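Dear colleague,

I am handing over the structure that we discussed, together with a short account of what was found in it. Please read the account alongside the coordinates.

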Amino acid sequence: MSVRAVDPGRSRVVLVGVPTYDDPELPDVPVVANNIFDLHRVLTHPGLGGFDPVHCAVVPPTAGLAEVGTLVGQAAADAEDLLLFYYSGHGLLSVRRRELYLALSSTRREQLPFTALPFDAVREVFLDSRAAIKAVILDSCFSGRAIGETLADDDAAVLGQLEVAGTYIMTAAPANRTALILPGEKHTAFTERLLRVMRSGIAGAGHVISLGDIYRHLHFQLRAEGLPSPQQNGTETADQLGILQNQHAERVSGQSRGRSDAESSEAAAVRSETSQGSGADFHDDAPVPDLAAARAVRAEQDERDAHFQRQQIAQAKGRARLLLTQGEVVSRHLSDNGKRIQWMARLAVAMMPIDEDLGVRLAREAERQADAFCSKMGRNSHSIPKCIAQVQPLAEVAVALATVDPQRARALAQLAVSLLKKATSFPHYPEELSATLRALVAVAPDQAETLIQEIDKSEIDKSYQDKLLLEVAELMAPTHPERALRIARDLPERKQPHGDFRLSRIANAMAPKKPDYAEAVAHSIKNPEYRDRALKYLVSELAKISPGRAEKVAHCITDKSVRQAALGAVFYELLRADPKNAERFARTAAIKKSMRDRWLAEVAESMVLVDPDSALQIIRNIHNETTRGEFLYSIFERLRDLNPQLSQQVARAIPKNMHIERALAKSSTAEDLAATNPEHTQKLIEEAQELLEGIGRPKDRALALLALAQNLASHAPRQKELLVTECERFARETLKPEPLMRILSGIIAINLSNDPQEAARIAMTALHIQSDYPLDDLARFAFDLATHKPATAKQIAIHIIHTARQENEGDRENLHSRDALVALSLIDPSEAVRLATMTQERKDTNLKTNIKIERLIKEIKHEAYREIEKADRLASESQLKHYRKHRQEWL
């Protein structure tokens with residue numbers, strides 16, 4: 001019977017995987033999450049399944065019965081060609097009727113009909129579907145002893161239930177016959193082998209693989225490995241539809257045509273160069289990764305990287321949200337109600353970019369408390385202290401509401417102004433005046449200028465007056481640059497310490513939208529250091545719209561190092577848009593020779609996908625051997641899935657003394673060969689480890705072991721674990737305390753996501769190493785572990801705080817334990833406040849206690865901003881990788 005290829009546009013796939021369960025009788029199966037993630041990637045990969053991600057639905061792991069039913073029903077209604085349902089988790093039989101149920105996250109063993117997905121419901125949906133081919137794949141993974149009665153306990157009865165007219169059924173082996181999660185594997189045994197055959201293909205199966213092909217291959221392979229064989233039903237449809245492209249057939253076809261394209265002249269030159277002895281440990285007769293396999297591996301790695309990056313962005317935002325939430329909890333310990341309201345409003349402003357709903361709720365709560373506070377103090381009071389006490393809370397709440405409720409914010413700001421002016425000497429209340437001006441700039445800039453004029457006529461100290469005016473100009477610069485420039489220009493010619501610093505910040509705020517104004521302000525700065533900083537930032541913004549003008553401005557910078565950094569901004573913008581122009585710029589710019597070599601290497605890396613001959617010619621002419629080797633490795637990585645043979649020639653050109661780059665290149669090649677040549681894969685990994693033994697400096701060798709371990713994480717997890725263990729042992733035996741602490745920090749980072757228990761163990765042992773490593777820097781261990789191992793993180797943070805006080809005369813101002821207190825705030829805010837305000841002397845006054853609590857809240861807010869900046873930076877890098885990936889596919 002002939003096999004036709006599936007029509008992805010008219011097909012629908014539903015993937016259900018349940019890694020965790022609320023019922024303690026149902027053990028968690030963490031690897032099921034990997035099953036779903038990798039199966040979705042294979043099915044949606046253009047060179048494998050080709051299904052549209054929109055048509056390949058992944059059911060959330062904690063989805064309830066109704067949500068699963070909706071997704072399955074919608075897919076069945078839409079499918080016209082193939083309807084595929086995959087489930088991985090616990091399959092359960094009811095006690096009386098022996099009906100099959102598929103367990104969900106909220107399933108209760110004693111309440112199957114109400115909490116689990118009955119297979120009868122799936123049957124009904126499939127019977128009603130108009131899809132030409134219907135298929136169900138069930139992977140029930142765990143022991144009958146652990147669950148009770150599972151999908152495996154009554155095979156004949158279960159298979160009878162699975163019969164659905166016109167539907168092909170494939171089930172994994174009975175789970176109670178042997179363990180179905182094998183050591184070192186990241187999926188259940190059945191799905192691990194299912195993914196292997198999908199990725200590497202089947203010999204003799206034609207250009208597309210059918211479900212029958214997959215079943216026959218799995219049946220043979222599982223039996224050969226001593227594992228229970230899969231079972232099937234409804235075989236009349238098994239061989240009618242090819243659901244995947246056969247990678248094995250693609251390789252055979254490619255070999256029959258000969259290797260992809262004729263090797264370029266530059267590749268031949270590279271081979272000639274390597275034959276002279278620069279890289280004898282890369283053998284010419286070594287297997288070359290197959291192009292299709294290399295592309296599949298790279299696609300998998302790209303998807304893993306993207307998933308990891310999305311995870312990192314989500315974690316950074318989540319940590320920032322938690323920090324700000326806990327900051328609000330800490331603020332409740334302030335005895336001054338006005339201060340408490342101010343901090344609640346400030347935390348609301350910080351929360352808005354990452355969780356607008358929560359930010360708005362905080363702002364509204366601050367508004368409610370401010371109303372109550374002002375009612376108690378008396379809005380119409382004639383007492384100056386009472387009026388002044390209301391100003392800052394109202395002004396801060398106005399800033400928090402500026403984007404949410406502008407009308408209400410304006411009313412609060414005007415009330416703050418009226419209360420402030422009840423004091424005839426209002427300019428002498430700097431904090432209140434500054435807060436009021438910030439509120440007016442946000443909601444009523446005209447009134448801000450009016451208040452500025454009143455300040456100008458007052459008798460307050462002129463240097464303080466200038467500082468206030470510059471602060472207002474800086475706040476106005478992003479949204480009202482003309483007004484900001486007018487205020488800055490109207491300042492009298494007086495010497496004041498912060499003037500040039502403020503002017504540089506005004507110029508920076510103007511640069512993105514008003515570069516002309518920014519340039520005028522920058523050139524008016526008298527201090528050369530601040531002027532150069534402002535011009536450098538302006539150059540980075542101008543380079544995006546006018547590289548030529550940016551280059552001219554860069555030459556106005558007097559400091560050589562700052563000028564070189566500014567020219568670098570121009571170069572990288574040119575590199576993004578036009579590599580050839582960037583090459584010209586790199587050759588003519590007035591920069592150090594070492595920087596010129598690096599820029600030219602960056603040009604070569606960016607050109608290699610379009611013009612490998614020119615790229616390799618540029619690299620060969622770079623004199624600095626370290627730079628040349630570093631970028632040869634980078635080019636090798638870029639070529640892996642475009643031209644594996646040329647990439648191997650490039651790897652052989654990496655200088656022989658660059659052990660780390662050569663070892664990483666070998667491990668990457670091992671990844672490409674893992675599916676087709678496991679023997680040589682293992683050999684390459686061993687050779688990579690041998691290369692690292694040639695590194696002389698212990699610290700460099702330890703870092704190289706870490707880098708290699710990270711490179712092996714996806715395709716050789718067992719070797720990765722062994723390398724990490726070897727790295728820790730080697731570091732403890734050979735390194736001095738300070739570099740040892742940095743290595744241990746890297747090991748903790750590697751273990752954090754997949755083995756937090758091990759990360760916690762290493763962090764605890766690191767606390768007792770006597771070193772010059774800054775004590776408060778150890779708080780990063782507690783900070784990183786806070787969400788994974790809160791008990792350990794709390795123990796570390798408290799240890800650091802007590803040690804800091806023993807070593808630093810009580811650390812009364814918490815100067816040496818600020819980061820530890822912030823980490824502790826994530827876990828136990830009340831304990832953080834207690835330790836922050838605790839002294840060895842008599843009890844602090846309320847004023848001192850409030851000052852220490854405010855300082856802690858400020859540190860928490862700053863740490864949250866750092867996490868938000870980290871998320872933004874990661875998102876920007878993610879966008880750049882996305883652009884490069886699609887440009888490569890287009891080429």
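Predicted model: local features only at pLDDT ≥ 70, side-chain atom pairs only at ≥ 80, totals over all residues.

**Overall make-up**

The protein contains 40 helices and 12 strands. Of its 891 residues, 52% are buried. Among the contacts with a separation of 6 or more, 69% are between residues 24 or more positions apart.

**The sheet of six strands**

Six strands form an open sheet with mixed pairing, and their order is β3-β2-β4-β8-β9-β11. Its edges are β3 (56–58) and β11 (231–233); each has a single partner strand, so one side of each is left without a neighbour in the sheet. From one strand to the next, the twist averages 10°.

Within this sheet, β2 (residues 12–17) and β4 (residues 82–89) are paired in the parallel sense, with 6 bridges. Arg 12 has Leu 83 of β4 opposite. Two helices that pack on the sheet deserve mention. Helix α2 (residues 65–78) touches β2 and β4, and its direction makes about 160° with that of β2. Helix α4 (residues 119–128) touches β4, β8 (133–140) and β9 (167–171), and the angle between its direction and that of β8 is about 165°.

Strand β9 can be described in some detail.

How many of the residues of β9 are buried? The count is 5 of 5. In a regular strand, side chains alternate between the two faces of the sheet. In β9, Thr 167, Ile 169 and Thr 171 lie on one side, while Tyr 168 and Met 170 lie on the other, and all of these are buried, so that both faces of the strand are covered.

**The sheet of three strands**

A further open sheet is made of 3 strands in the order β1-β12-β10, again with mixed pairing. The edge positions belong to β1 (4–5) and β10 (208–210), and because each has a single partner strand, one side of each is left without a neighbour in the sheet.

Strand β12 (residues 241–245) runs parallel to β1, and 2 bridges join the two. Arg 4 has Leu 241 in β12 as its bridge partner, and Ala 5 stands opposite Gly 242 in β12. The pairing of β12 with β10 is antiparallel, over 3 bridges, and includes Ile 209 with Leu 244 as its bridge partner in β12. Strand β12 is mostly covered, with 4 of its 5 residues buried.

**The second largest pocket**

The second largest pocket has a volume of about 1400 Å³. It is lined by 36 residues, of which Arg 346, Glu 396, Arg 438, Glu 471 and Leu 475 are the closest to its centre.

Which elements give two or more residues to this lining? They are the helices α12 (337–351), α14 (384–401), α16 (430–443), α18 (462–476), α20 (499–510) and α40 (846–890). Of these, α40 gives the most to the lining, with 7 residues. By residue class, the lining of this pocket divides into 16 nonpolar, 14 charged and 6 polar.

**Asn 850**

Is Asn 850 buried or exposed? Its relative accessibility is 9%, and because buried means under 20%, Asn 850 counts as buried. Leaving aside residues up to four places away in sequence, Asn 850 touches Leu 334, Ser 335 and Asp 336.

With kind regards

Key: Residues numbered from 1 in each chain as written. Heavy atoms only, no water. Pairing = 2+ DSSP bridges. Axes fitted to C-alpha atoms, helices over the stretch in contact; angles between N-to-C directions. Contact = heavy atoms within 4.5 Å. 1 Å grid on protein atoms, 1.4 Å probe; cavity = no way out; pocket = protein on both sides within 12 Å on 5 of 7 lines; lining within 4 Å. Points joined across faces, edges and corners; volume = space filled by probe spheres on them. Nonpolar A, V, L, I, M, F, W, Y, C, P; charged D, E, K, R; others polar. Buried < 20%, exposed > 50% of the residue type's maximum accessible area, 1.4 Å probe, protein only.
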